[in-house]
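Subject: Structure for your review

Dear colleague,

Please find below the structure that I am handing over to you.

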Amino acid sequence: MLANSVSAAFWLFWHTLRDPSLLAAATAEITACTTTTAPQSGADDHNNNNKNHPPFDTPKLMNQPLLQSLYAETLRKYIAVYITRTTEYSDAEILDHRMPRGRMVIVNSATAHMDKRNWDHQASSHPATSFWAERFLVPNNNTKPGILRADSGYASLTSSSTTAPPTSPQPPSTSSGPHKFSLDRHKGAWIPFGGGPHQCPGRHW
C-alpha cells in the first residue's frame, strides 16, 4: 500500500503541476477548505506546530469534486493491483471458462482500468489510455462524465464546486454546484482497492 501511495502521489502532482488550468482549479478547491477555526487539540499536529499553514476543514477537503476525480483517475491510470478471490460456494463460469469451487482466481485491476469499453467516453479526446482529470465528474443534471462543454474546462469548477459537503467523507459525494464526483457509472470497472466486502480498508485513509 505504501508503494502505491508514493507512485500515486507522484503522478497526481506531475499531471497537476504541468497543467496550469488544472493546478488553478485544484488550488481553488483546496483554498475553499481552509478555515479560521483552530483545530481541536491533537487533531492536526502539523497545523498546531506551524502557524504559517492555515488549518483545513478535512471532511470538506476530502469531498471536493475535482480533487476526488483527480485522485480516482490517478489510481485508474497508474495503479495496478492483483486481486485474489476464491469461488467459495459453487463452480463459477466466466465466458468460456469454468472455475471449480474452491479455486483461487487472480485478477489484475489494469485489465478493467484500461478497457476501452468502460472508459472511452468522448473517445476522440479522452480514450482509456489518456489521463483525464475530469473523468469522474458528473454534472448534477446529467449522467454522462466530464464537463461535456468544450468551452468550460477547469475554469468552470473554480467557482462552483466548493460548496460544503456532507459530514461523511465517502464517495460518491454530493454537491449543490453544477458538478459532482461519482463512481456510479464505473461500478465494477474502477477497482484499485479490489471489490465487494473484501475491499482494501486503506481506501478510507
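This is a predicted model: local features need pLDDT of at least 70, side-chain atom pairs count only at pLDDT 80 or more; totals for chains, interfaces and linings use all residues.

The mean pLDDT of the chain is 77, with 70% of its residues reaching 70 or more. Two stretches call for caution. Across residues 146–152 the pLDDT stays under 50, and the model gives this stretch 15 contacts beyond four places in sequence. Residues 158–174 also have a pLDDT below 50, and 42 contacts beyond near neighbours in sequence are present there in the model.

As to the overall architecture, the chain contains seven helices and six strands. Along the sequence they follow the pattern α-α-α-α-α-β-β-β-β-α-α-β-β. The chain has 205 residues, of which 36% count as buried. Among contacts with a separation of 6 or more, 60% are between residues 24 or more positions apart.

I also examined the second largest pocket, which holds about 350 Å³ of space. Its lining comprises 15 residues, and those closest to the centre are Ile83, Thr84, Arg85, Thr86 and Val105. Both β1 (82–86) and β4 (104–108) supply at least two residues of this lining. The largest share comes from β1, with four residues.

Serine 130 is located in the loop between α7 (116–119) and β5 (137–139). Is serine 130 buried or exposed? Serine 130 counts as buried because its relative accessibility is 18%, which falls under the 20% limit. A polar atom of the serine 130 side chain lies 2.8 Å from the backbone oxygen of proline 127. Leaving aside residues up to four places away in sequence, serine 130 touches Glu73, Arg76, Lys77, Ser125 and Arg135.

Leucine 95 lies in the loop between β2 (92–94) and β3 (97–99). Leucine 95 is exposed, because its relative accessible area is 80% and the term applies over 50%. Most residues other than glycine have a negative phi.

With kind regards

Technical notes: Residues are numbered from 1 along each chain as its sequence is written. Side-chain values use heavy atoms; hydrogens and water are left out. Buried means under 20% relative accessible area, exposed over 50%, partly exposed in between (1.4 Å probe, protein chains only). A polar contact is a pair of N or O atoms within 3.5 Å; within protein, one must be able to donate a hydrogen and the other to accept it, and residues adjacent in sequence count only if both atoms are side-chain atoms. Contact means heavy atoms within 4.5 Å. pLDDT is the predictor's confidence in each residue, from 0 to 100. On a 1 Å grid over the protein atoms alone, a cavity is a set of points where a 1.4 Å probe fits but cannot get out, and a pocket is an open set with protein on both sides within 12 Å along at least five of seven lines; lining residues have an atom within 4 Å of a point. Grid points are joined across faces, edges and corners, and a volume is the space filled by probe spheres set on the points.
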